[in-house]
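Here are my notes on the model you sent.

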Amino acid sequence: MFPQCLDTLLKHDIETFNHCIRVANIAKWVGRCIQLTEYEINDLYDSAILHDVGKIKIPIKILNKPGPLNSNQMKLIKMHPAWGSELIAEKQIKNGILSHHEKYDGSGYPYGIKGKEIPLNGRIIAIVDSLDAMLIKRPYRKNLSLQEAFKEIEQYSGVYYDPDIVTPILLRKKDFKHNFYTISYKELSDKILLNSISV
Ligand SMILES: [Fe+2]
């Protein structure tokens, strides 16, 4: 089931596909930072690689719209966690996909759940998802430096992000730099796809 979903995503939108690959690999590193078991890390990786797979139902012109979205387009975008989770049967993986846009303070979607009510995989993916979005350059906006991106994550620790995950990540910031940032971040997807980075 996974390769088929991902294959569909790759054909639909390569940017989102590459984002999922990067998020999965970085989430795996986060899993190690917070000392999850290998079994839990495997579940986390699967949730993370599939977290945006629901976007296959969203027209590409909305996904790649450079300007602000109107309310109907925003409604569609906000459906992607539910649509993605519907494609997956395994509970932990499904929950991670469904909850990756929830925020620690309850201001996220689809349910507005907060704190540790949000499944762990969702809390981890939320951080990595933001980190990746900040680090990658898009045609319509500049990327942040690694320093700036980590500062942003730190600033919203306990607000959007689980502090029990943020703190260990910040302690291993240099490790992140070594694994993911010694090459241009733009090249990361291709490098991961070629399996030239092991995490
Ligand atoms: Fe998403």
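Before the points, one term: two residues are in contact if their C-beta atoms, placed from the backbone, lie within 7 Å. The model is predicted, so local features need pLDDT of at least 70 and side-chain atom pairs count only at pLDDT 80 or more, while totals for chains, interfaces and linings use all residues. Residues are numbered from 1 along each chain as its sequence is written.

1. Overall content. The protein has 12 helices and 0 strands; helices (H or I, at least four residues) and strands (E, at least two) are DSSP runs, numbered from the N terminus. Along the sequence the pattern reads α-α-α-α-α-α-α-α-α-α-α-α. Of the 199 residues, 34% are buried. Here a residue is buried if 20 or more other C-beta atoms lie within 10 Å of its own, exposed if 12 or fewer, and partly exposed in between, with C-beta atoms placed from the backbone. Among contacts with a separation of 6 or more, 63% come from residues 24 or more positions apart.

2. Helix H10. Helix H10 spans residues 163-171, and its buried residues are Ile165, Val166 and Ile169. They lie on the same side of H10, because they cover an arc of only 95° around the axis; the arc is that of the directions from the helix axis to the C-beta atoms. What covers these buried residues includes helix H2 (14-33), H8 and H9.

3. Helix H9. The buried residues of H9 are Ala149, Phe150 and Ile153. Their arc around the axis is only 95°, which puts them on the same side of H9. The face turned away from that buried side carries the exposed residues Gln147, Glu148 and Gln155.

4. Packing of H3 on H8. How are helix H3 and H8 oriented to each other? Helix H3 (residues 38-49) packs with H8 at an angle of about 55°, and the axes are 10 Å apart. Axes are lines fitted to C-alpha atoms, for helices over the stretch in contact, and angles run from 0 to 180 degrees between N-to-C directions. H3 and H8 are therefore oblique to each other, given that angles under 35 degrees count as roughly parallel, over 145 as roughly antiparallel, 65 to 115 as roughly perpendicular and the rest as oblique. On the H3 side the contact is made by Asp43, Leu44, Ser47 and Ala48, and on the H8 side by Asn121, Ile124, Ile125 and Val128. By class, that contact has 5 nonpolar, 2 polar and 1 charged residues (Ala, Val, Leu, Ile, Met, Phe, Trp, Tyr, Cys and Pro count as nonpolar, Asp, Glu, Lys and Arg as charged, and the others, Gly among them, as polar).

5. Backbone geometry to check. Most residues other than glycine have a negative phi, and most peptide bonds are trans. Gln35, in the loop between H2 and H3, has a positive phi of about 60° although it is not a glycine. Gln35 counts as exposed, because it has 9 C-beta neighbours inside 10 Å. A cis peptide bond joins Tyr109 and Pro110, with omega about 10°; Pro110 is in the loop between helix H7 (91-98) and H8.

6. Loop residues. Asn64 is in the loop between helix H4 (60-63) and helix H5 (71-77). Its C-alpha is 9.7 Å from that of Thr16, 48 residues away in sequence.
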